[in-house]
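Dear colleague,

Please find below the structure that I am handing over to you. My findings follow it, and I would be grateful if you could read them alongside the coordinates.

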Amino acid sequence: MQFRKEQWSKLIMECQDSGMTVRTWCKQKSINEASYYYWLKKIRKEACKQRLPATHVNQKPVEFAKLSFDTRPMKTLGSITIHLPVATIEVKDGTSKETLENVLLALKSIC
């Protein structure tokens, strides 16, 4: 399987370097276009797995608390700073609820 994957990696690079469309290149090389895309997807997935950090089995999942917000404008100026092992988040006065929710969701996905 490794030998075949290496062959397809070379073929895919050759196709991408050719300047032709995949359809034209596959037709010229008598290669099934569906096979080309199958191997392209397989090789890309493996490349992504190799670049992403492995998750630790013993790592405790991050817990988040639900926050409620007062939607009335705040009269006092201030900010909140949250220090975490992987990031520091500073929330300035006037930050929208949607922005804060998006930041917390993004943080949850990387932790």
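Which residues of α2 are buried? In this predicted model, the buried residues of that helix are Val22, Trp25 and Cys26. They lie on the same side of α2, because the arc they cover around the axis is only 95°. An α-helix has 3.6 residues a turn, so residues three or four places apart point the same way. The face of α2 turned away from the buried side carries the exposed residues Arg23, Lys27 and Gln28. After α2 comes Ser30, which has a positive phi, near 55°.

Leaving aside neighbours within four places in sequence, Cys26 is in contact with Ile31, Glu33 and Tyr36.

With a disulfide taken as a pair of cysteine sulfur atoms within 2.5 Å, the count comes to zero. Cys15 is in no disulfide, and its nearest cysteine sulfur, that of Cys26, is 5.7 Å away. Cys15 counts as buried because its relative accessibility is 2%, and buried means under 20%. Cys26 likewise counts as buried, at 2% relative accessibility.

The backbone oxygen of Cys15 also has a polar neighbour: a polar atom of the Ser18 side chain lies 2.6 Å from it. Ser18 is in helix α1 (residues 2–18). At 30% relative accessibility, Ser18 counts as partly exposed.

Finally, I turn to the strands. Strand β1 (residues 79–83) and β2 run antiparallel and are joined by five bridges. One of the pairings is that of Thr81, whose bridge partner in β2 is Glu90. Along β2 (residues 88–92) the side chains alternate.

With kind regards

Definitions and conventions
Residues numbered from 1 in each chain as written. Predicted model: local features only at pLDDT ≥ 70, side-chain atom pairs only at ≥ 80, totals over all residues. Heavy atoms only, no water. Helix = DSSP H or I, 4+ residues; strand = E, 2+ residues; numbered from the N terminus. Buried < 20%, exposed > 50% of the residue type's maximum accessible area, 1.4 Å probe, protein only. Polar contact = N/O pair within 3.5 Å; in protein donor to acceptor, adjacent residues only side chain to side chain. Pairing = 2+ DSSP bridges. Contact = heavy atoms within 4.5 Å. Arc of directions from axis to C-beta.
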